[in-house]
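Please look over the sequence and the structure shown here before reading on. The paragraphs below lead from the fold of one chain to its partner and then to two individual residues.

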Amino acid sequence: MKFPLKSAPHIQGKTKNSNILATVLKAALFVAVWSIFNRFFVFGIETALHIVFMIIAACAAGTAAHVIFYYLGTLKNNDFNFSKFTQKFTTGETVVTGLILALAMQSTSHLYAVVIVTLFAEIMGKLIFGGYGQNIFNPIAVGLVFNALAFGGTTLTVGALPDIVSAATPLAWLNSQNWIINPYTANNFILSSGGVLSMFLGTIPAFVGAGAIGETSRLALVLALCYMCYKKAADWTTPVIYVGVVFIIAAVYGFFIGAGFWYPVIHILTGGVIFGAVFLASDSVTIPFNRQGKAIFAILLAMFTMLIRFNTSHVEGVAFSIILMNMMVPFIDSKTLNITSKKIGAKVASVAITFAVALIFVVGFTILFS
Amino acid sequence: MSNQVSPTETVNVPTTKYNYKALLTDGILKENPVFKYMLALCPALAITSNTFNSFGLGIITLIVLVTTNTAISIIGRFVPNEIRIPIYITVIAVAVTIMEMLTHAFMPALFSALGLFIALVVSNCLVLGRAEAFASKNSVVASFCDGLGNGLGFLFAMIVLGFFRELLGTGAIDFDGIFGFRLFPQEYAIPLFIQPMGAFATLGVIVGITASVSILKNHKKTQKKGA
């Protein structure tokens, strides 16, 4: 008979940090390749090459930040170990943030902006807290907020790409209309951008043009999420509830302003809602532990996203709301972890109350102040 | 009987020997008021979007700190304990008002740029902190040296913060036309660093660097002792 001499856990699952990272990396690469081919067929080789360069620049900047921090960490005991050093790169820890961040940025971004934003995200969002797994805020959201505040207003874009449509993205257009559009304009708008199905597939120049790289095709993002959930690298709760609550809030608001079913669909299919749900809200480091906490997290996340969309001058609120909700994760955990599994009623009730509060808050606030 | 002096009023002249060099130099790096003790953060965050302004406020605070430290160390022994804070504040306010008028008269551009923040030096916790913690209990020369050391430390912190924020935020340094250079073009600058959030980020990073450097130094020292 075999006696285990090691201390406890004797049974271990196959899920490891490196497995999760590899899965997320594969999913992000899938979205990247899809977007690159999409742009290659719509615009040509030049635009596609620019995106490839953006991704390479972001990955290189992330790796450089990790190299610097690893070297600084070894200064204390002078224990620079080359095998440990190279082991860090095989897990994909150094490139995953940069890759997803590049996907979330505008396709006309300057390479300089990509490098600075990635360095800021890696250092201020992740490495200062102690590396992957220790961070409070989602590094990708940190980078996106930095990008919006630092490079959002500047004209530091690539001017030499002739094929890119210079018109405003649908999201910017909707924001300029304060998200209140009458059915006639909406119909024109949807037709001009090729219909709801094209929005989902991302095959229309207006959508492929100046928008974020990874946000072109919602189909690719949904496939990536399915893959990550199948490999257990992500939990379906947060993304699905997040998108669902955004849909419901938009539907209720659309009902009040007299818009139809297309209104919430537009809300989901424009901007970074699905991208944020798939790659930012599913990150297991910066969201609550149990399913009830995840549900409350996702509902409040949707509330902040819609509040920022409706009531501020910012075009998009996904990254801001994720940073806001990351701050509340310890609080949510402290309130939800101690509820025992037998009290299902209490769990459902707390989630339902959060949902009602979020709905009333966004819709009431928006109708009151618009 | 009438001219009897109560024993509590005996004048207690400090007889400690001071390390004047340490008093002068410790404040600059080793015990920097902003980077180590987190004192006077309000002007360090609000004014430092520009090197020249932060330099101006640093000089004003330095002069106020030296004068008030000296004055309070002279009167410190005669001030009743119960009302010492109002008296210190009055002395500081006199020095600040003089500095404000001088700035208004001779450097109107700096005065309009700094605005309310010159008057707010009265409530700078560094000035009152040195008066309360050091000057009221120590000799005049030591208080002068302490005020000079801490003022230089504050000036150093202001210049460092202002330099990095202006350089990153505009790509160039313009020290009121006296000297200046451009490191990279304007369009590559990150205007975020001139805004309040840039102040917090820059200060946090510099405080982190100073803390980790001192930790590293202490670690090296203990390692040498152990070996």
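What follows is a short walk through the model.

This is a predicted model, in which local features need pLDDT of at least 70 and side-chain atom pairs count only at pLDDT 80 or more, while totals for chains, interfaces and linings use all residues. Residues are numbered from 1 along each chain as its sequence is written, and chains are lettered from A and ligands numbered from 1 in the order in which they are written.

Chain A has 17 helices and zero strands, where helices (H or I, at least four residues) and strands (E, at least two) are DSSP runs numbered from the N terminus. Of the 370 residues in chain A, 46% are buried, a residue being buried if 20 or more other C-beta atoms lie within 10 Å of its own, exposed if 12 or fewer, and partly exposed in between, with C-beta atoms placed from the backbone. Among the contacts in chain A with a separation of 6 or more, 77% join residues 24 or more positions apart; two residues are in contact if their C-beta atoms, placed from the backbone, lie within 7 Å.

Turning to the partner, eight residues of chain B are in contact with 10 residues of chain A.

Two residues other than glycine have a positive phi: Lys232(A), near 60°, and Ala40(B), near 55°. Lys232(A) sits in the loop between α11 (218-230) and α12 (237-257) of chain A, and is partly exposed because 14 other C-beta atoms lie within 10 Å. Ala40(B), in the loop between α1 (20-25) and α2 (41-46) of chain B, is buried because 24 other C-beta atoms lie within 10 Å.
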